[in-house]
Amino acid sequence: MMSKLVKKINYLFILFILSLSSVQAVDTIRVGIVLDGPIKREILPINQIIKEVKELTAGEFNIEFPQDKVLHGNWRVDGINKSLHELLNDPSVDMIIANGLLSSHQAAQIETLNKPVIAPIVADRILQELPYKDEASGKHNYVYVSEGRTIADDLRQFYELNQYKHLAIVVDKLFLEALPQLRGATYSVQEELGFELSLLPVIDDPESTLQTLPPTIDAIYVPPLLRFSEEDFKRFASNLVERKIPSFSLLGRVELEMGLLATSSGREVDTIRYARRIALYMQSILLGSNASTLKIELEQPQKLAINMRTARAIGFSPKWQSLESADLLYEEVTNNKVSVSLVEAIQKAISSNLSLQIDKLDLALSKDDVKNARSPLLPQFSIGAGISQIDRDRAGLSQAQRSSDSELTASQVIYSETNKSGYEIAKLLQQAESAALRSSILNVISTSSTAYLQLLLANATEKVRRSNLAVTETNLELAETRLKIGYTDRSEVLRWQSQLATDRRNLYSAQSLRDQSETELKRQLNMTLSEAIAVTDNGIADLLVILDSERFQRFFDNPLSFDVFTEFEVERALNNSPELEQTDFIISSNQRQLLATERAYYVPDINLNTQYGRNIERGGLGDNSNLSDDQWTIGLQATLPLFAGGARKAAVSRANNTLIQSRYQRANTKEQIEARVRSAIQQASGSYPAIRLSRDAADAAKENLFLVIDAYSKGAVSITDLIDAQDASLAANLSAVEAQYTFMIDWIEIQRSVANFDLLLTEDGFEYWYQELDQYYKARNR
């Protein structure tokens, strides 16, 4: 028994040792790489390939990419062939990646490949006449990656975007030599669309290329120009912009970033998918598959992308249909936008708002009324001159037949209740108008701030709608992939297409609302309505942090404290209110008017009048030098009406009723102010916690959407489940952005209701407000 047990232990130990050795003996595979030449811009970064390969095969194979096995053909066909054969004949190299357009092509031309060659860069497999059999290459040890699109597909999409008449294709001279079939590649699409074509060979000088450009060229198609450095290519793209020529890139979005107009490929995710496909090829080959049997098709969703900055620079405006379906780079006009913060917007509104300018003139008019009312109380002077002639029968000793005279008249009101009260009432009404202006300023601050926040909300809503549209587009791509592999039927694709149309319509609505909100803000600021404006939410998050701090939360965290806070704000509103101040001045003016009408019964008007006259010349019959040349009078007059037909009684009654009405108006205004404050605080008390709750809901809905998308891609849930999850995420995200800006609008309303915006407009506004609030709480709790 014992010996059997020992044998078993020894046997298990040997198996253990063998398993350890097998773990340690992971195969080392060396991969060589062939490039077309010294590449200044990579189509498919080698580092990305290495990263994906290492991650996929970790623990399974030890794959190395020796630096001395990275060769290039120096931009010559014979050089590329030499590099390929060198690696094929190198016993230390197990596999080759032909990471170039020509090296991928030339590898297919080698009759016998003694080791696997992966060719990831193919422009057009049909045009290049690459081997193809049963969705694979069918060539021993050779596999390549084909997107399934052709250059003709690109030219059709470019034509749909911009109906060109004479197209130029700027192509590397080496490619024309190695692929002579390029010259005839576009005959069918030329005949179909009816455009003229020019092929422009280029080596590495962008300037000389454009100097040979025919003057009738109205569009340029750009295949990979990998001999150009990034700076060279930027200059090339800049020259195209200066010439106002639309351009389309085969390579993708990286070239749009450098200034080309449009492309239908080259998303960041596309590059990752390419690198992962190479890693999968390598793993399959190492596990025993022949490269000739591996599927070559890599479905890359073709998504039009447009550089809107370039479009603006060349004066090109895409059609609405293109804008709907394309990804738009640099859509926002930032260079010519006037950027304003919330405080700057308020300051500009105070200085420029047209409604406020009108109200300021009302105050100026009231000052003119004061001056006009005061004028009867000041001395009045007048001067006059006249010529008279009478008939001979009346001329005599006391009056000459012809006379020229001058006169100076002066008067002074000693006392006039009507004039005195009019002056005092005018001053009171001026003070009332001044209070009304302060109310108007507060209204403008409130409306301009609200318009600013409404624009921020509209921008955020558009962003959410645009993000949701991108999710729908991704789900449509996923459904199309599921359809191709037999996971679903066409109805699912059609359902996503319907959802895509709905989401685009909703995005249009969001953009329209954004434009309307922008127009309203510019109107509030009295800006040119065609002028572009940029707003920022800087500072809003800081405000929310302050309000959420323990220092302030103690005033709101229970019903009793909240009631005290409300009373504090009501008291502030009543003390600050320009509307109450305006009503008080109006009441004072009514009281003065009532006093004046009562005094009209017993207080006379007293006036002092003087007159001085001098004869300038006499003539005709009765010209008597003994007549006096100077005349003067002075008199004091008091006037008191005895009976005015009941007008004075009616005036007293009217003044009394007006005063009573004003007092009711004050009580009503006070009640409205208190109600406005309480309503604003109650509204904010509901919108403030909604920020946190809606954010939590959005986070949960987002995580749920990711889980459902993953499950949908695996066929575990239906399209209905995914659409429900996406709708829930959209609603939650919209609610989250709306909650933040809705609270801020409610907060603005609180500041307006208490007639004080120091919290927004002064650096120490919050501190001063806190100190007042803290003192009020302490006084109430004694």
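A: Helix H18 covers residues 540-548, and its buried residues are Ile540, Leu543, Leu544 and Leu547. They sit on the same side of H18, because they take up an arc of only 100° around the axis (the arc being that of the directions from the helix axis to the C-beta atoms). Helices are DSSP runs of H or I with at least four residues, strands are E runs of at least two, and both are numbered from the N terminus.

This is a predicted model, so to speak: local features need pLDDT of at least 70, side-chain atom pairs count only at pLDDT 80 or more, and totals for chains, interfaces and linings use all residues. Residues are numbered from 1 along each chain as its sequence is written, and side-chain values use heavy atoms, leaving out hydrogens and water.

As for the cover over the buried residues of H18, it includes helix H16 (417-484), helix H19 (550-553), helix H22 (647-713), helix H23 (719-753) and helix H25 (765-780), with contact meaning heavy atoms within 4.5 Å.

Now for helix H14 (residues 342-352): its buried residues are Leu342, Ala345, Ile346, Ala349 and Ser352. Those fall within an arc of 155° seen down the axis of H14, so they line one face of the helix. H16 turns up again in the cover here, along with others including helix H15 (354-374) and helix H17 (490-524).

Note on methods
Buried < 20%, exposed > 50% of the residue type's maximum accessible area, 1.4 Å probe, protein only.
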